[in-house]
Amino acid sequence: MPRFADNDGVQIAFEDLGGAGGDPLLLVMGLGTSRFWWPDGLVNELVHHGFHVVAYDHRDAGQSTHLPDRRVGPPIAALLRREPPAYSAEDLADDAITVLDTLGWERAHLFGHSMGGLVAQRIAIRHPQRVHTLTTSSAVPSDAKGLSVLRYLRLAPLARFARLHHPQTPQGNMALALAVARILAAPGQHIDEYDVREFVDKEAAHQVASFRDQKAQSRQIGAKWHGGPLARITAPTLVLHGERDPLLRVSAARDLAAAVPGAHLRTLPGVGHFLIGDVWATYADELRALADRVDDQPSTACED
């Protein structure tokens, strides 16, 4: 069952996924996607590697508060809109800190995937004293704004996303999840219902369906960042990226790693944007190694 953290009236749903007594690890998911899209196999690997794992839903996703409708265009267009957004990128970062506060965690390791990696970067910039380590996968650098984000995106998957239309039925939700996973998988990678069944079943049990609310996605992606640059990140940082990511170019990871002082970059051959089982053990190994390198080091993070 979820618990809820309150950020100035916005309810943020989160869930303890196991590993109590281990190193605190907060999972930050991507655009318009609920926490249920973290694969059980990956979570189990992280728990077995000594982490206490918690995942949460961004505002406007999953079981967290969905904001009132506003006139917004497609998510990609929200990057370029000049009108005031529904909320700021700082609000998205603070939502995660509200979860840490509710858990009683003074600090945590962060692992953000896709847009979750972008949010995790901003958490590390805005709240350096709350972050042990930062790991991103398949993420753009937070220094990129507006049109500059587009240089990292591949347009063909965006066009395929725009053409997805499935009925809001159990069968339609399965078809939609399968279509999204196939778009995000590495070219030629076989994806079938088995790969998304756990996500769809969990969401159905909680009356949630990801990727349905385009307005919510536009509000998330349209949240403007007014904070500092990546050079302000003090947490030890790991940047992961699949070399066959069909959505984000590898240059996004290279630029992100170059901008964060001391960051380590690892690209993975044959890996796409979808968190397929082939990467679970590797990702857990990488997070454990990063955490072990800093376990006995004194914190150098500055205060807010």
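This report walks through the sheet, the helices packed around it, the aromatic pairs and a few single residues of a predicted model.

## Ground rules

Because the model is predicted, local features need pLDDT of at least 70 and side-chain atom pairs count only at pLDDT 80 or more, while totals for chains, interfaces and linings use all residues. Residues are numbered from 1 along each chain as its sequence is written, and side-chain values use heavy atoms, with hydrogens and water left out.

## The sheet

Let's start with the strands. Helices (H or I, at least four residues) and strands (E, at least two) are DSSP runs, numbered from the N terminus. Eight strands make an open sheet in the order 1-2-4-3-5-6-7-8, and the pairing is mixed; two strands pair if DSSP finds at least two bridges between them. The edges belong to strand 1 (3-7) and strand 8 (264-268), each of which has a single partner strand, so one side of each is left without a neighbour in the sheet. From one strand to the next, the twist averages 25°.

Axes are lines fitted to C-alpha atoms, for helices over the stretch in contact, and angles run from 0 to 180 degrees between N-to-C directions. Helix 9 (residues 250-259) lies across strand 6, strand 7 and strand 8, and runs at about 170° to strand 7.

## A pair of helices

Two packed helices are described by the angle between their axes and the distance between the axes. For helix 5 (residues 155-162) and helix 6 (residues 170-184), the angle is about 175° and the axes are 10 Å apart. That makes helix 5 roughly antiparallel to helix 6 (angles under 35 degrees count as roughly parallel, over 145 as roughly antiparallel, 65 to 115 as roughly perpendicular and the rest as oblique).

Which residues of helix 5 meet helix 6? They are P157, R160 and F161, and they meet V180, R182, I183 and L184 in helix 6. By class, this contact has five nonpolar, no polar and two charged residues. Ala, Val, Leu, Ile, Met, Phe, Trp, Tyr, Cys and Pro count as nonpolar, Asp, Glu, Lys and Arg as charged, and the others, Gly among them, as polar.

## Aromatic pairs

The whole structure holds five aromatic pairs. Rings of Phe, Tyr and Trp (its six-membered ring) pair if their centres lie within 6.5 Å; planes under 30 degrees apart count as stacked, over 60 as edge-to-face and the rest as tilted. F111 and Y283 have ring centres 6.2 Å apart and planes at 75°, so their pair is edge-to-face. This pair links distant parts of the chain, with F111 in strand 5 and Y283 in helix 10 (residues 280-294), 172 residues apart. Both F111 and Y283 are buried (buried means under 20% relative accessible area, exposed over 50%, partly exposed in between, with a 1.4 Å probe and protein chains only).

F199 and F274 form another edge-to-face pair, at 6.4 Å centre to centre with 80° between the planes. F199 sits in helix 7 (residues 193-205) and F274 in the loop between strand 8 and helix 10, 75 residues apart. Both F199 and F274 are buried, and ring pairs link W37, F199, F211 and F274 into a cluster.

## Single residues worth a look

T135 is in strand 6 (residues 131-137) and is buried, with a relative accessible area of 1%. Leaving aside neighbours within four places in sequence, T135 is in contact (heavy atoms within 4.5 Å) with L110, F111, G112, L238, L240, L287 and L290. H58, in the loop between strand 4 and helix 2 (75-78), is also buried, with a relative accessible area of 1%.

Most residues other than glycine have a negative phi. D8 has a positive phi of about 55° and lies in the loop between strand 1 and strand 2, while S114 has a positive phi of about 60° and lies in the loop between strand 5 and helix 4 (115-126). Are these residues buried or exposed? D8 counts as exposed at 76% relative accessibility, whereas S114 counts as buried at 17%.
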